[in-house]
Amino acid sequence: MSHRDLIVDDRDLTRARSEDRGVLSPLLIAGLALAMAFLVWFPIGRSEFTPIMWLWVLMLAGVVAANLLIPRASRNGTAVRVMSTVCFVAFLVVFPFGRANSTLTDFGLYAVFSVCVIGMNLMFGYAGQVSIAQAAFLGIGAYTSVLLDSGREIEAFGIVIDLPDLNFLLTVVIAIAVAMLFSILIGMAGLRVRGPWLAFVTLAFNVLVYIVFNNEVGITNGSRGIIVRRQDLEVLGIDMTPLQNYYYLCLAFLVLTMVIVWWIVRSPWGRSFKAIRDNSPRASSLGIDVRTYTLLAFAIGSGLAGGAGALYARLLEYIEPRSFFLGQSFDFLFATVIGGLGTLAGPLIGTSFITIISDSLRVLGDWYRFWFGLLAIVVLIVAPRGIAGSFNLLRARIAAKRRGS
Amino acid sequence: MEQFLQVTFSGLATGAVFAIAAVGFALLWQTAGAINFAHGEFIVLPAVVMLVLTQQPVIGIPEFIPLIGGTQLVGPIPQLGIIAAFAITVPLMIFLLGYVFKRTMVDQLLEPGGDDIPLVIATLGLALVMREYLRITFGAAPQRFPSPFGNHVWNVGGVAITAIDVGILVVATVVIIGLQFFLNRTYTGRQMQATAQNQETARVLGIPVNRMVFYTFAINAALVTVAALLVAPVTTARFDGGISLGLAAFTAAIIGGFNQVRGALFGGFLVGVIQNWSGTYLSSAYREFIPLVLMIIVILWRPQGLFGRPEERVV
């Protein structure tokens, strides 16, 4: 009896499961393309579906087709990549212009959350360590920045402190620095041993941060939150009171982040990150200091979330502890996975699922988050490379088929 | 002094539930290599099922199913006592949270010698899915859950001892001793432990590893149902109750040592008592604060936990 079991087990062992899963991912892509086609019949965001929308749909179809059919390695491939990026940025610049505040808020949240997800992807997709505290860093950045430029009075441990009224951009830099500092402290605990420990420590850290935000009423105003007015906010001489101006600031921050991360991934740092993710003992035998590099990726990823937090506070003009609880961190994590780990386009695709698309899918009503969670599970099982990764796979297959014929 | 005894006693009762939950979490991790972050929701689901069986014999059809969605069938199910409901729920949970969970998620995502992070994220997704499902179908309001032990209160030297607390401690002790007996004294239990310690060696020795792994899932499903029966009368049944329960189970397993059943047991009681102490003597808002800080310290100082065996590094 036990001998038979032994044989069954061996067969299970030798079955290459990851290969099986790869086969299905083009199917998933086709399903998602259908879903996207369905989506364009619904108003994007809360704005109206106008004839000009067809122009955007046409552009999207063109970009997708060009990316799919033109091999990446050729000279045309580079041109396609540049063109896709330009189209993407152009969409974010032109589409929200002159639209209602709700659409601008949606797109602003998209820009801010994209930065968080890009940070998470840098750590998870490139350095291979998962952090579940991205929302905590978002919150740390938001509270740091708000407290430092408001000139308000806080009370901590019975001592009343008058806070300074610093320049907004300076507070963004400080928010990034504070988030990085915390992440280094946390990372020193979580990265001592290789394994899922960083995930555990960051999970605990996110709950701790939430408890502090909620209960240190003297500093954070507790669960009532803080109202952050955008009036009198000037950045580089531009008045930020209109939401539209502020949205373009968020977009500039997103583009800057994309450029920085693009540069990091191609630099020796980025190559070290990938080496660690793929085979950490080998990386360390090649002289890469695994712990320092992982910590570095973690610090950069968290710092980005901290900076995003500073922008987030003025975008919504209100912050409260609930926005920075575990649920938000999980959303970032699922967005990273759905979009595609270790790709530059992945976070930009994934984030739309927690901002722009979630508003278009009001038809699903209450069930949206249910389906979102299910989608994350299905992607993990069926197409672990996410949407962007599966897309790359599909393109490689098309290229291989052409070479073959 | 009386207050201290009071707080410690109810802390032990809370801790007993955490201990049962933490043992399930640790068993899954050790035997199957599966880190289950939906553990709290695994406790909430049987609580809701038992409540539905005892109180509202109604089956609701989810709204997304076309045509018949949103309707409620008042079935011919008679109202059941809580113990009968428990007896029905255990096999149901062994099927759902044991067999279905293992086949659809764990077997798909956990490759031998592979990374365990995809399953961690997938179980986080599962937790979200279960929470949302319960929120919409069961409702957002917390529901009172009948106590299987009555509501009697004894007064022993100024310390109020409730029948629920005594019942929790008794049942938890019986379950834990029974589990230890099963794991250490029976043939199947020994095979399971061998599987947990080293799957490859166990396979070579002719132990049906896959079946042992499934038994672990079944035991875990039974344990969460017991935990639900014990904890729901205290915390009420609520769709988001799983967050703090899962966090407590996971904290307890890490502090005590996830690769030892007695480590998770000790961790559970410790977390329960510390939560009650800090809730009483510091501030109720900081109930969950100290155990989490303790967990970070333990990871920093002894990643294998207070009672755990250090693991050899597998490259």
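## A polar contact at B:Glu41

In this predicted model, the side chain of B:Glu41 makes a polar contact with the side chain of B:Arg131, at 3.0 Å. B:Glu41 is found in helix 2 of chain B, which covers residues 39-54. Its relative accessibility is 3%, and because buried means under 20% relative accessible area, B:Glu41 counts as buried.

Which residues surround B:Glu41, leaving aside its neighbours within four places in sequence? B:Glu41 is in contact with B:Ala127, B:Met130 and B:Arg131, and also with B:Gly242 and B:Ile243.

## One face of helix 6 in chain B

Helix 6 of chain B spans residues 187-197, and its buried residues are B:Gly189, B:Gln191, B:Met192, B:Thr195 and B:Ala196. Seen down the axis of the helix, these buried residues fall within an arc of 160°, so they line one face of helix 6. As a general point, an α-helix has 3.6 residues a turn, so residues three or four places apart point the same way.

The buried residues of helix 6 pack against helix 1 (2-32), helix 5 (163-185), helix 7 and helix 8 of chain B. On the face turned away from this buried side, helix 6 carries the exposed residues B:Tyr187 and B:Gln197.

## Where chain B touches chain A

Between the two chains, 56 residues of chain B are in contact with 48 residues of chain A. The size of an interface is often given as the accessible area lost when the parts come together. Here the area buried between chain B and chain A is about 4,800 Å², and carbon and sulfur atoms give 76% of it. The count of salt bridges between the chains is zero, while the count of residue pairs in polar contact, with both residues at pLDDT 80 or more, is one.

The elements of chain B that give two or more residues to the side touching chain A are helix 3 (82-109), helix 4 (117-137), helix 7 (199-204), helix 8 (209-235), helix 9 (242-256) and helix 11 (289-301). The largest share of this side, 14 residues, comes from helix 4 of chain B. When the residues on this side of chain B are divided by kind, 40 are nonpolar, six are polar and 10 are charged.

## Chain A as a whole

The secondary structure of chain A comes to 18 helices and six strands, and buried residues make up 54% of its 405 residues. Among the contacts in chain A with a separation of 6 or more, 75% are accounted for by residues 24 or more positions apart.

Terms used. Residues numbered from 1 in each chain as written. Chains lettered and ligands numbered in written order. Predicted model: local features only at pLDDT ≥ 70, side-chain atom pairs only at ≥ 80, totals over all residues. Heavy atoms only, no water. Contact = heavy atoms within 4.5 Å. Buried area = accessible area lost by both parts, 1.4 Å probe. Salt bridge = Lys/Arg side-chain N within 4 Å of Asp/Glu carboxyl O. Polar contact = N/O pair within 3.5 Å; in protein donor to acceptor, adjacent residues only side chain to side chain. Helix = DSSP H or I, 4+ residues; strand = E, 2+ residues; numbered from the N terminus. Nonpolar A, V, L, I, M, F, W, Y, C, P; charged D, E, K, R; others polar. Buried < 20%, exposed > 50% of the residue type's maximum accessible area, 1.4 Å probe, protein only. Arc of directions from axis to C-beta.
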